[in-house]
Amino acid sequence: MTLLEWFLFFLVVQVVHFAGTWKLYQKAGRKPWEAAIPIYNGVVLMRIIGRSPLWVLLLFVPIINIIMFFVIWVETLRSFGKNSDKDTLLGIITLGFYIYYINYVEDVTYKSERSLKASTKTGDTISSLLFAIVVATLVHTYVMQPFTIPTSSLEKTLLVGDFLFVSKFHYGARTPMTAVAAPMVHDTIPLANVKSYTKKPQLPYFRLPGFENAEKNDIVVFNWPVDTVRFFGDKKSIGIRKPIDKKSNYVKRCVGRPGDTLTIKNGVVYIDGKELILSERAKPQRFYPLETTGPITQDFLNKYDITEIRYYYSIRQDLWDNADVQDHLKGPKVRANLTEFKRDSTAVEVFGYIQEQQMQRLGMQMLRNKLHVNLTDAKVTALRNDSFVKEVTDNYIYPPSSAIFPYSKSDWSVDNMGPIYIPQEGKTVELNEETLPFYKMIISEYENNDLKVNGDEIRINGEIVTNYTFKQNYYWMMGDNRHNSEDSRYWGYVPEDHIVGKPVFIWMSLDANEPWSNISKKIRWDRMFTTVSGDGEPVSYFNYFLIALAAWFGFDYFRKKKKKANND
């Protein structure tokens, strides 16, 4: 919304408020005109309903203000003797317009000395619930947000099933941009499977001061820049851009900051020509070809905690090179995910996944003593010292792909790409056929310009340009699970206004592969109450938490006992 649109919206709210409450102000001993003065009318209303004038500040906090409207409607009704469950529900269901009826139709009396506690159990429950939602939303939005690791992109640094607390204040809490949304949920209302927000009105981006900036090696939660609506159950909505703060939450490691030049060579990240040294707790993984002296069993995989594997198959060379076979493998009924590894005079060795029925149909053979396995450096060393292992070759280097950012480099892959300049606010870059693919999304989507390209001519907002100056900072995010992570290598830069917060604490960790009946292994006890950042192996503070919790319950028990004795 433009500044004028916001002014008109604010003016309409003031008119609606005045029209529905001026007689109630008068009955409370105030002047009718006091209901018409912006902000001041809120302060006066807080005095009428017996609440702190500081409540007015909450009316300007996005999302919180929506909840506060309900609270104030109910409190206003109670201040004029409308305490019944029916009155409370009517105030909520009519979105406050029940107050119009009270204002113009009923002859109510102002209760200046009313109790601030609800007179009915239902009213008390609603008040307590609304208060709890306000507090929880404030904490969730501006202090700390719970987050779950849903994918393996940061294995083995962070594990699927880790439950995190994400700090909003380290980088500075970002105020909501979506003004109307359900509290405490993200983009979708659970069970109902409908979106939890309206796209309009949108507030401008603003971030409160933080203690630090996102640095290289930080693990960062951010909104996935290229996210589109995919989960509302409405096929017509696919491809529609979500508001920034309602895009899906992703968690990756920051490997490049604004102003850096990034290059990846054979899987190793270089910043400004120097190798990026990862933090001590980082455990990057890559896929390696593993060959053993005998068939590989599940017990062997469990021994080394190998959870991500791809199978090797052998297929006749003439079949693999046949265009019809390739179309069949990629068809919707098969969707085989196979990559060529090597070939000899008659056969091709491929790795990936294929249905057993299709494998047999094409005469493919699975190699029982060979796997493509995802390993950390430590596991590579351990496997090479195992007599059962014939060979662990150097990590697989993926071939060039058209799916790699910026989609214009035919020789780039997830393991070899760059140099890539990471945009910095205020810096200017040259625009031409070579550089435009890097910055096209920034110009048109992230910084909201009208971009048109006609041959060699580039127009931004109608003007022919040869350069562009960035309006905000950008970052390069990658997963530690280098060969199984959808990150900046696929979709490019992360704008600063998409950054959500910094994970600081793992408070719970559950292994999805273990049943609850085996709770000793279902819960990863050694990861509970551990910090995300820091040096050395993570240390669990769970025992200290239990001691502190027991101390609190003990203190609370004796405090209540002493209070009861004094009352007797």
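The largest pocket in the predicted structure has a volume of about 1,400 Å³. Its lining comprises 41 residues, and those closest to the pocket centre are F9, V13, L59, N65 and F69. Four helical elements, α1 (3–27), α2 (40–48), α4 (64–79) and α6 (98–104), each supply at least two residues of this lining. The largest share comes from α1, which provides eleven residues.

A search of the whole structure finds one cavity of 30 Å³ or more. The volume of the largest cavity is about 350 Å³, and 22 residues line it. Nearest to the centre of the cavity lie H140, T141, K168, D245 and K246.

Pairing between the strands of a sheet occurs through backbone hydrogen bonds, in either a parallel or an antiparallel arrangement. Strand β2 (residues 162–167) runs antiparallel to β24 and is joined to it by six bridges. Within this pairing, V166 has P503 of β24 as its bridge partner. Strand β5 (residues 219–223) is likewise antiparallel to β24, with two bridges between them; here V221 is partnered by G501 of β24. A further antiparallel pairing, also of two bridges, links β24 to strand β25 (residues 530–531), where I506 stands opposite T530 of β25.

An open sheet of four strands is also present, in the order β9-β8-β7-β16 and with antiparallel pairing. Strands β9 (274–275) and β16 (417–421) form the edges of this sheet, each pairing on one side only. Two bridges connect strand β8 (residues 268–271) with β9 in the antiparallel sense, and I271 stands opposite K274 of β9.

M364 is located in the loop between α11 (356–361) and β14 (365–376). The relative accessibility of M364 is 5%, and M364 therefore counts as buried, the cut-off being under 20%. M364 and H140 are separated by 224 residues in sequence and by 53 Å in space, C-alpha to C-alpha. H140 itself is among the residues that lie nearest the centre of the largest cavity.

F553, by contrast, is placed in helix α16 (residues 542–567). Because its relative accessibility is 52%, and the cut-off for exposure is over 50%, F553 counts as exposed. F553 also takes part in a nonpolar surface patch of about 600 Å², made together with F545, L546, L549, W552 and F555.

Methods: Residues numbered from 1 in each chain as written. Predicted model: local features only at pLDDT ≥ 70, side-chain atom pairs only at ≥ 80, totals over all residues. Heavy atoms only, no water. Patch = residues over 30% accessible without salt bridge, like charges linked within 9 Å, V, L, I, M, F, W, Y side chains within 5 Å. Areas by Shrake-Rupley, 256 points an atom, 1.4 Å probe, with all protein chains shown as cover. Salt bridge = Lys/Arg side-chain N within 4 Å of Asp/Glu carboxyl O. Buried < 20%, exposed > 50% of the residue type's maximum accessible area, 1.4 Å probe, protein only. Pairing = 2+ DSSP bridges. 1 Å grid on protein atoms, 1.4 Å probe; cavity = no way out; pocket = protein on both sides within 12 Å on 5 of 7 lines; lining within 4 Å. Points joined across faces, edges and corners; volume = space filled by probe spheres on them.
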